[in-house]
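This report looks at a two-chain model. It takes up cores, helix packing and selected residues in turn.

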Amino acid sequence: MKIVDCRNMTCPMPVVTVKRALEEASGESVKVLLDEGAPRENVARFAASRGFQVEEALEGEGYAMLISGASRESTSTQPEKGGQSVFLIASDCLGDGQEELGRLLMKNFIITLLDLSEIPERMLFLNRGIFLTTEGSEVIEALEKLANRGVEILSCGVCLDFFNRREKLCTGSVTNMFTIAESMLRAGSVIRL
Amino acid sequence: MMVKDGDYVAIFNSIHRVMQAEKRLKELRLSILLIPAPRALKSDCGLALRYAAADRPAVEGALAEEGLLPEEIYNKKGEDYIRCR
């Protein structure tokens with residue numbers, strides 16, 4: 001059985017790490033070592049939302065969580081008709097025209113996702129979209145909450161470099177065009193914003 | 001999910017007024033966030049300002065001074081929103 005040590009990780013890294021481990025485990029059980037508090041709650045909520053069974057036990061000063069059972073939705077990254085959705089966010093504005101309104105609409109859209117039961121598998125930020133994941137963005141709090149529910153937040157590395165914002169990334173991780181293209185091809189649906 | 005227990009939510013019925021209020025409060029460096037009005041309070045795509053209890057006097061004082069007081073103000077208590085204006 002695979003054992004993943006998520007102790008001393010800050011949110012949303014435990015959820016991100018467990019998600020990857022479950023994908024790699026291809027149906028096998030995964031044992032996760034976790035700190036008490038938000039990491040434990042977030043990982044348990046994420047696993048349950050994907051249809052896994054979760055058993056917990058005290059271990060040392062933290063928790064050991066056994067995650068088992070087939071996921072309701074496949075965790076594999078194989079192409080799947082009607083599978084999970086990927087959001088491609090290539091701007092910090094939603095819609096064309098007035099930028100002030102566009103920025104407000106994008107912010108509201110992302111915050112609104114928090115109230116929905118269906119959330120995307122991944123959110124890919126590129127071009128001016130990376131202004132949403134970097135310093136000064138007003139949706140960092142919302143994106144962190146989405147990440148804690150298992151949404152993978154990825155920002156384009158080339159775009160971060162172009163705008164000199166790589167050091168200012170506040171949420172999620174840096175990705176490349178290979179992963180962006182692969183994610184789009186393998187998604188059940190790609191929604192471009 | 002963006003409103004914590006104890007936070008205040010101010011509802012405006014005009015997009016122009018809420019944007020004006022956001023702009024002015026940001027100029028004053030007050031800690032506010034423009035959010036979609038929580039579903040429990042409004043069914044259309046209304047907008048609201050969220051602020052913490054500690055910022056309430058400064059935020060509402062500034063809005064009153066600018067003639068931009070919201071239509072309704074709510075305080076989140078547990079899962080409920082208690083109207084206070």
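## A buried serine

A:Ser68 counts as buried, at 12% relative accessibility. Buried means under 20% relative accessible area, exposed over 50%, and partly exposed in between, with a 1.4 Å probe and protein chains only. A:Ser68 sits in strand β4 (residues 62–68) of chain A. Helices (H or I, at least four residues) and strands (E, at least two) are DSSP runs numbered from the N terminus. Leaving out residues up to four places away in sequence, A:Ser68 touches A:Ser29, A:Phe52 and A:Gln53; contact means heavy atoms within 4.5 Å. A:Glu55 is 13 residues from A:Ser68 along the chain, and their C-alpha atoms are separated by 8.4 Å.

## Basis of the model

This is a predicted model, in which local features need pLDDT of at least 70 and side-chain atom pairs count only at pLDDT 80 or more, while totals for chains, interfaces and linings use all residues. Residues are numbered from 1 along each chain as its sequence is written, chains are lettered from A and ligands numbered from 1 in the order in which they are written, and side-chain values use heavy atoms, with hydrogens and water left out.

## Nonpolar cores

In soluble globular proteins, nonpolar side chains tend to be buried together. A nonpolar core here is a set of buried Ala, Val, Leu, Ile, Met, Phe, Trp, Tyr and Cys residues joined through side-chain atoms within 4.5 Å. The largest nonpolar core has 41 residues. Those with the most contacts inside it are A:Ile89, A:Ile110, A:Met123, A:Phe125, A:Leu143 and A:Leu146. Chain A elements giving two or more residues to this core are β5 (85–89), α3 (99–113), β6 (122–125), α4 (140–148), β7 (152–156) and α5 (157–162). Chain B elements that do so are β1 (8–12) and β2 (32–36). A second, separate core has 19 residues, including A:Leu104, B:Ala21, B:Leu30 and B:Ile32.

Beyond its neighbours within four places in sequence, A:Ile89 is in contact with residues that include A:Met106, A:Met123, A:Phe125 and A:Leu193.

## Helices α1 and α2 of chain A

Helix α1 (residues 13–25) and helix α2 (residues 38–49) of chain A pack at about 35°, their axes 9 Å apart. Axes are lines fitted to C-alpha atoms, for helices over the stretch in contact, and angles run from 0 to 180 degrees between N-to-C directions. From α1(A) come A:Pro14, A:Val15, A:Val18, A:Lys19 and A:Leu22; they meet A:Pro39, A:Asn42, A:Val43 and A:Phe46 in α2(A).

## Helix α4 and A:Asn148

The buried residues of α4(A) are A:Ile140, A:Ala142, A:Leu143, A:Leu146, A:Ala147 and A:Asn148. Their cover includes α1, α2, α3, β6 and β7 of chain A. A:Gly150 follows α4(A), with a positive phi near 105°.

A:Asn148 counts as buried at 14% relative accessibility. Its side chain joins that of A:Asn42 in a polar contact of 3.4 Å. A polar contact is a pair of N or O atoms within 3.5 Å; within protein, one must be able to donate a hydrogen and the other to accept it, and residues adjacent in sequence count only if both atoms are side-chain atoms. Leaving aside neighbours within four places in sequence, A:Asn148 is also in contact with A:Cys11, A:Pro12 and A:Val15.

## Exposed loop residues

A:Asn8 lies in the loop between β1 (2–5) and α1 of chain A. Its phi is positive, near 65°, in a residue other than glycine. A:Asn8 is exposed at 74% relative accessibility.

B:Arg29 lies in the loop between α1 (15–27) and β2 of chain B. B:Arg29 has a positive phi of about 55°, though not a glycine, and is exposed at 77%.
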